[in-house]
Amino acid sequence: MARRPELLCGAAIVLGCAFLVALKVTCRVLLPKVQVLKEDKAREEIKRNHSSCRAKDVTMPAKLPVNFFSTRSAVIDLFRGQLDYADQLRQDSEIVLYFFYAPWCGQSIAAREEIEHVASRLSDQVLFVAVNCWWNQGKCRKQKHFFYFPVIHLYHRSFGPIEYKGPMSAVYIEKFVRRVMTPLLYISSRSKLLDFLSNYEPGVVGFFEFNASPQPPGYLTFFTSALHSLKKDYLGTMRFGVVTDKRVAQEISLVHSGSVYLHRHANTSLIYPKDIMNFTAENICKWALENREMLIRWLRPHGGKSLLLNNELKKGPALLIFIPYNPLAEIHPLLDEITKVALEYHKCNKSQAAEPDLQHVGDSDSPAFDSSDAQLKLSEPFPIAKYPCCNTVVLPQWHSISRTHNVCELCVNQTLGVKPNKVHVPHCNFLEIEAALDSFYLQEHTFFQVISNTIECSNFLSFYSPFSYYTACCRTVNRHFLSLISSEKTIFQTPKVAFSSHGKKDNTQFSIPHIEDRNCFIPDLNISSTNITGLSCRTNKTLNLYLLDSNLFWIYAERLGASRSTHFKEFAAIVDLKEEVHYVLDQNQSLVGPTLENFIKNFSVLYSPLKRHLVDDPSVHFHEEHVVTEVTTNTFHETVFLSAKNVLLLYYAQWCGFCASLNHIFIQLARLLPPDSFTVARIDVTRNDLPWEFMTDRLPTILFFPHQRKEQSVKFPEDFSVNLPNLLKFILHHSSLSSAEPCTKECLHKESVLQQGHISHLEREIQKLRSEISALHQAHDQLEAQLSEARREEQRLQQQKHTLEKQHKTLQLHSEQLQATYDQKNQELLEMAEKLQELADASENLLKENALLRILVASRGGKLQSKDEIKEFLQSEQTVSEDNDISLSTAPAALQEKRIDNIDTIETEHSSGNRTE
């Protein structure tokens, strides 16, 4: 019993040592494989991180905002976007300007100086607050969602916001702020009223008597309507004024207090209808904006992508006038002069209709009327001279080789059977002129003339209405006639016309220029004596007048043809988007009223003397060493028509990819052709305008102009491939055509010499080409050898690739096996560790029991020794007692042995209990 704990402890120690030895051996075997797996995984992770490092998003915390405006500036800069504090500031001020900006925005940075300049002038009357609306932690960024920067909002007390969308210029911003400060202009006298109404901007006048009460009814409503107009029209083109004097108000027929008057120059002025519309600020503003009269408008493009100019030019021909403008100036002499011209041009109610040459279209002697039609002669003929409804018609050429046109003036007359005042249709109705055109084209063959200097006039019944007829006066137009007479002698000269009995005019030495030529014209109207008053109502080419500030938008003037070196930024141009033309006022003339009037009148006549302006590309630099000549608008006539060479012209554009692919072909062609006889040229049609007969609607386009036959230009066929052989055949074919005149022997000799020279030149070029071809063949062979070597190298690389892929797959399988083995051994190690832990716990318990056993053994030894001593003592006592009383000692001895046996039994049981525990 005493040796069992020692044996158990020794067995546990031996088993633990054996397990440790086995674990060490196993780890030594697995460690290299696990280490290899870890290294492979580390390499793959490094490669994966290296390949995806560029794709990871790198986020940085936003930098703290700093002051956008100077601390000494009059502008309060809330660079942390404190919108709530800005609202608190607004409650204590009457006029507040908010400047919402983004610190990175270039336009915000550019406008910062302008805002500071305005604040330095108006800081004593207006509170200027700048708010950073880009700081992501500011309230402005969270509450406002702007799509652009900067944004300017103005508040007039509780009214607002009024957004400013004009130019970011100090003078314009200050002008708008001043209008918000004083939306109403106080008119105290008759002279101020006249000044107010004579302005070109629409004017709204309100009459309110302040004698009865300090604040008459409706005044605040009218005041708010002026602010509403600024909110809806950021240009501020409508002015609001208030009259308090009853005598001044009577000048514009305002009698009752609270009346509102809208002044219009060309049309009848209006008074706000209180009995129909409610007297509210929104209604007054809406009524004024809908009924205002815009004789001349300001255009202020914001500089970005916009359809502003496109939408305005689509409305019809536009006169664009560029003048330097200062909004803060009190007087504008040039603007006043332009305003007078605009007023006269649109003043139709006081105009005198022009008297055209077609005065006898209702004559009964016309060929379309026989004797039976004489009774239809009206007692009250409709005066076409007073109310013309005409349209110009150009008939096609009567022959393919003809260079003449028949131009007819077609006028509608509605006086047969029904008087115009009984027909409730608008005058010069589109449907009527369309019906007249249809009837005219059905009989257009009757108007064809080969060449005639007379004007043929005829009356024909309409095919659509029995109560109307139309008049057509036609004349042959020869475009070459312009070269025979000077434009100075023909412009502003009215021919004397006399009708004969059969409806024809007598022959005169006068001819109408071609419809496409603008050098001179035959004036159907006597322009020199025609007043511009009401001209917009007497022509079918009505102009819309626009103003642009040349200090801001001079780049548009340069694109239209203004000089880049001029010191006076004054320019005028007429743009007709429908006809795709524009005319430029001569910049040598000063921009004054009479000059503008003549410019408008010359455009309004039937055959305008204005010449279409052709845009030229000034950025082209000419280099003599270039084999392909670059042609512009200014050099087109000299290079193509005045040149004594055959010219091959390529039409191209920078954005045309196929045009760029033809460059090497034209370079080779220019080197092949003899330079003393041929010119290879090109023109960028997107930057250079040409006369209409030389424009094209397809790119690339190739035209050939033969020598001495430039008018017989030929277009390269579109169905042919554009390559060097086809171009050579095309050029040689059309350059070798015989001229119209018979050729003499000398001419034939020169032609043969020229052809022989061409042949020799081509032979030399062929020899050069053959040498180049042989060199190309050698280069081709070298390339073939290099390609074969590259193919072999590619095959070898493919084999290596397949081998590496197989090895990769094997290694991948081995890696998976090692991973499985590693997982299994790891699991076994965990289990062995658990068993070791259990053994350690058992050994610890055994050690404790062993210590207890030693204690028990020691105590047992002590007890046995005491027992021996007791026995010796008892034996000594027994010996003594035997001597005294042998008989009496038997019973006590038995009793004593029995007691000793009981003591031994108790001690044995006690030791057994301790061992069990």
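Which strand does Pro161 lie in? Select Pro161 and you land in strand S5, residues 159-164. Strands here are DSSP runs of E with at least two residues, helices are DSSP runs of H or I with at least four, and both are numbered from the N terminus.

Before moving on, some ground rules. You are looking at a predicted model, where local features need pLDDT of at least 70 and side-chain atom pairs count only at pLDDT 80 or more, while totals for chains, interfaces and linings use all residues. Residues are numbered from 1 along each chain as its sequence is written, and side-chain values use heavy atoms, with hydrogens and water left out.

**Stop 1: around strand S5**

The peptide bond joining Gly160 and Pro161 is cis, with omega at about 0 degrees.

Now step back to Arg157. You'll find Arg157 in the loop between strand S4 (151-156) and S5. Arg157 is not a glycine, yet its phi is positive, at about 55 degrees. Arg157 counts as exposed because its relative accessible area is 54%. Buried means under 20% relative accessible area, exposed means over 50%, and partly exposed is in between, with a 1.4 Å probe and protein chains only.

Next, pick His228, which sits in helix H7 (residues 219-232). At a relative accessible area of 11%, His228 is buried. Show its surroundings: leaving aside residues up to four places away in sequence, His228 touches Phe159, Ala281, Glu282 and Cys285. A contact means heavy atoms within 4.5 Å.

**Stop 2: the whole chain**

Zoom out. The protein chain has 21 helices and 24 strands. Of its 917 residues, 37% count as buried. Take the contacts between residues at least 6 apart in sequence: 73% of them join residues at least 24 apart. The chain exposes about 55,900 Å², and carbon and sulfur atoms supply 54% of that. Accessible areas come from the Shrake-Rupley method with a 1.4 Å probe, and for residues only the protein chains shown count as cover.

**Stop 3: salt bridges**

How many salt bridges are there? The count comes to 17, where a salt bridge is a side-chain nitrogen of Lys or Arg within 4 Å of a carboxyl oxygen of Asp or Glu.

Start by selecting Lys139 and Asp84. Their salt bridge has its closest N and O atoms 3.2 Å apart. Lys139 lies in helix H4 (residues 139-143) and Asp84 in helix H2 (residues 83-91), so this pair ties together parts that are 55 residues apart in sequence. Lys139 is partly exposed, with a relative accessible area of 41%, and Asp84 is partly exposed too, at 37%.

Then try Glu630 and Arg682, whose side chains meet in a salt bridge at 2.7 Å, N to O. The pair links distant parts of the chain, 52 residues apart: Glu630 is in strand S20 (residues 629-631) and Arg682 in strand S22 (residues 678-684). Buried or exposed: how does Glu630 count? Glu630 counts as buried, at 18% relative accessibility, whereas Arg682 is partly exposed at 24%.

Glu828 is partly exposed, with a relative accessible area of 34%, and Lys825 is partly exposed at 26%. Elsewhere, select Arg121, Glu174 and Arg178: salt bridges that share partners join these residues into one network.

**Stop 4**

Go to Glu580, in the loop between strand S18 (571-576) and strand S19 (581-584). Glu580 has a positive phi of about 60 degrees, although it is not a glycine. With a relative accessible area of 56%, Glu580 is exposed.

Now jump to Leu699 and Pro700. A cis peptide bond joins Leu699 and Pro700, with omega at about -5 degrees. Pro700 lies in the loop between S22 and strand S23 (701-705).

**Last stop: back to helix H20**

Finish with Glu838, found in helix H20, residues 745-884. Glu838 counts as exposed, at 57% relative accessibility.
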